[in-house]
Amino acid sequence: MRLAPLTHTLWIRIISSTVLIGVSLGALLFPPGVTIVLGAALAVMMAIEWARAVSRQPGRWSLAFLAVGFGYLAGALAALTVIRLEPGGARILVWLFALTWAGDTSAFVAGRIFGRKHLPRAVSPEKTWEGLTAGVGAGVLAGAFLMPFGDSGLLATFGANLALA
């Protein structure tokens, strides 16, 4: 089994993700107000990147995609702010970040190595069932592993609400 070489774009994504992981976790060491300002700065950077990506896709839907992307970022920032302001919010965010990173990374790696059966194109043209299964499994394992390090009742409630969403 031979993997395709990593592209220049993928290397840029790996490096930027590594930097964002450090900034995200580092921001949680500060008081909530500082964390929120850093989160807003990251959201602005993500909005700029989203605008650049949308501008490469000319057409009548570009403005709609731009608006949806900005709305999504604003909603995510608002949700992160509400969670951070809760007692124990920093621990919940670390738990949530770990679930996301474990799931996304595992899905990508498993999909590249073992991926054979693709999900329907309408769902995602490049995603595979093997990647989906690995991502969900890794997210569950990361959540279970990190449960003892936080307020387990609060994390269980948050996790249940997240699963229902």
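Predicted model: local features only at pLDDT ≥ 70, side-chain atom pairs only at ≥ 80, totals over all residues.

Reader: Fine. How many helices and strands are there?

Author: The protein has 6 helices and 0 strands. Both kinds of element are DSSP runs numbered from the N terminus, helices being H or I with at least four residues and strands E with at least two. Read from the N terminus, the order is α-α-α-α-α-α.

Reader: And how much of the protein counts as buried?

Author: Of its 165 residues, 24% count as buried. Buried means under 20% relative accessible area, exposed means over 50%, and partly exposed is in between (1.4 Å probe, protein chains only). The accessible surface comes to about 11,400 Å², and 73% of that belongs to carbon and sulfur atoms. Those areas come from the Shrake-Rupley method with a 1.4 Å probe, and for residues only the protein chains shown count as cover.

Reader: What makes up the largest nonpolar core?

Author: Five residues do: L28, I83, I92, L93 and F97. A nonpolar core here is a set of buried Ala, Val, Leu, Ile, Met, Phe, Trp, Tyr and Cys residues joined through side-chain atoms within 4.5 Å.

Reader: Which helix gives the most to this core?

Author: Helix α4, residues 89–114, with 3 residues.

Reader: Tell me about α4 then. How far does it reach?

Author: α4 has 26 residues and reaches 36 Å from its first C-alpha to its last, close to the 38 Å expected at 1.5 Å a residue. The expected span is 1.5 Å times one less than the number of residues. Buried residues of α4 include W95, L96, F97 and A98.

Reader: What does F97 touch?

Author: Not counting residues up to four places away in sequence, F97 touches S24, L25, L28 and L80. Contact means heavy atoms within 4.5 Å. S24 sits in helix α1 and is buried, at 17% relative accessible area.

Reader: New topic: salt bridges. How many does a search of the whole structure find?

Author: The search finds 1 salt bridge. E49 forms it with R52, the closest N and O atoms being 3.3 Å apart. The term means a side-chain nitrogen of Lys or Arg within 4 Å of a carboxyl oxygen of Asp or Glu.

Reader: Where do E49 and R52 lie?

Author: Both are in helix α2, 3 residues apart, about one turn of the helix. An α-helix has 3.6 residues a turn, so residues three or four places apart point the same way. E49 is partly exposed at 39% relative accessibility, and R52 is partly exposed at 48%.

Reader: What about T35, buried or exposed?

Author: T35 belongs to helix α2 and is buried, since its relative accessible area is 10%. Leaving aside neighbours within four places in sequence, T35 is in contact with A27, L28, F30 and R84.

Reader: And where is F30 found?

Author: F30 is in the loop between α1 (8–27) and α2 (32–55). F30 is partly exposed, with a relative accessible area of 43%. Together with L29, V34 and L38, F30 forms a nonpolar patch on the surface, with about 380 Å² of accessible area. Patches take residues with over 30% relative accessible area and no salt bridge, joining like charges within 9 Å and nonpolar side chains (Val, Leu, Ile, Met, Phe, Trp, Tyr) within 5 Å.

Key. Residues numbered from 1 in each chain as written. Heavy atoms only, no water.
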